[in-house]
Each structure stands twice: as C-alpha cells, then as structure tokens.
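Hi,

Here is the structure I promised to pass on to you. Have a look at it first, and then read on for my notes.

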Amino acid sequence: MARQQDAVRPAEPAAVLAGRLRAALEDSAVPGRAEAERAYLKSELQHLGVPVPAMRAVVRNALRAAPGLDRAELLELAAELWAPPVHESRSCALLLLEYRAELLRAEDTAFLERLLRECATWAHVDLLAPKVAGALLLRLPETAADFQRWSRDEEQWVRRGGVLSYVLALREPAEFPHHFDAFAALADPLLADPRFFVRKAVGWTLREGVKHHPAEVTGWLGRRLDRVSGLTLREAIRPVDEQAATRLLAAHRELHGRRPQG
C-alpha cells in the first residue's frame, strides 16, 4: 500500500518543485523578449521573457512529474510560485491553478482574492478569473456571492476579476440561462465605471453570451445605450451580424453624439 501511495504523490516538497519549475522557465526564455514585454505591460515585476505557450508546457511537464498533487500541495506550490515578484513565475502559479481547478473548494476563493489584490497587471487577472474562478462558479455555484462581491470592490483588478469570473458561464450555451440574470445585475452598475479595464471586461464577458444568445444580450444592451460606453458596446457586439451591430452603434452615436465614446 505504501508503495502505491508513493507512486501517485509528489516526490519533492513544494519549494523544490517550484525551484525546478523556475529553472525550466529560465531555460525557456527568449532573448530580447523580457524588456519588450515588461514595457508593453507597464510592469514593475521582473520578466524572464518566456512566451505563454512555453509557460504552459513548463507547467504541464511539472504536473506530469507530480501526478498525485492534492489540494493542499496545489495551494502550497501555487503560493511558492506566486511569492517572487517574477512575471512568469506568477503566471505559472495561475496556470497551475487552472489545470487543477477541479481540486479547489469554495473556501479557496479567499486565496484567489488575495492573488487578485496582489496582481499588478491585467495579464494575471485574465489568467486567474476566467478559467480558475470561472471553473469554480460552474462547479460550485455558491461561489457566485464572492465573485459578485469582487465586482463591487473599488480595487480595479479585483473588480475586473469579479466580472471575468462569469466568462465561462456565459460562454457555455447550456449555462447561460442560469447565470445571465446574475451577471446582468452585476454588470449594470459597472456601465458607469470610468476605467478602461473594467469597461472592456464587461464587454468581453457579454461577447461570450452574444455568440449564442444574441437577441437577449443585444436587447439588454439596447435598453442601456444611454449609459453603456462605446468600448463596452463594441467589445460585446463583435460576433453580432453586421446589420444588427450597425443599428446598435448608430443608436449609440445618436445618444452620445458623433464622437465615439470610450
């Protein structure tokens, strides 16, 4: 029995596994990429210059080397990877949580919120919220209260995280009817938020629903054209047929003047 258990559990503690993963990241760095990426993200973190596909490969390899990773070990390893102010190490912490999101429990939203509050870039919010928090929402609907609370938080990245936690719920046609009303109630007061990253997040999430429920989503937007920003509207209606999109944009311009609204 002991041998069977050992065969499915990580052979090394989290600190050692994290060290090996960071070494693999350094081996995957692309010369010249780090500074360009740091400038693009306006990041204060250290950057190694590793592309996202390479980071995903590093995390998948690490998980194959630790097939028995349980919830406690997952959270410990994620915390180890998150601790250094290194962009790629933090990204891998979030990818690790994405790949093993099925291990998370409802109470782990507190850990996710801590990471959101420590995010210094939309790039990390966008790894954490849609596929980690979003997976929790689908599996454990009671977590919705936490994500709705995030959306009301004044901190920009926490608010964006709350919005994007609904991406998977609105993306799935079968889940949309169960979640759209809650998301609409969450999003309605955010239409007046002046911040680019919040407005764009609302539009992105609505876009996932408009792909398969266009009438419901465009109807909701159409009743709010006096308050919705041009940015949110344009993001949301990208998949809509040209005639319907033109009609909505024209009505929006009529309300707000010819100048595009951000």
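Below is what I found, starting with the overall fold and ending with one residue.

Please keep in mind that this is a predicted model. The secondary structure is made up of 16 helices and zero strands. Along its principal axes, the C-alpha atoms of the protein fill a box of roughly 70 × 45 × 30 Å.

On the inside, 51% of the 262 residues are buried. If you take the contacts with a separation of 6 or more, 69% of them come from residues 24 or more positions apart.

Where does Asp 108 lie? Asp 108 sits in the loop between helix 6 (87–99) and helix 7 (109–118). Is Asp 108 buried or exposed? Its relative accessible area is 4%, and the cut-off for buried is under 20%, so Asp 108 counts as buried. Setting aside its neighbours within four places in sequence, Asp 108 is in contact with Arg 71 and Leu 75. If you open the model, that loop and those two contacts are what to display for Asp 108.

Best wishes

Conventions:
Residues are numbered from 1 along each chain as its sequence is written. This is a predicted model: local features need pLDDT of at least 70, side-chain atom pairs count only at pLDDT 80 or more; totals for chains, interfaces and linings use all residues. Side-chain values use heavy atoms; hydrogens and water are left out. Helices (H or I, at least four residues) and strands (E, at least two) are DSSP runs, numbered from the N terminus. Buried means under 20% relative accessible area, exposed over 50%, partly exposed in between (1.4 Å probe, protein chains only). Contact means heavy atoms within 4.5 Å.
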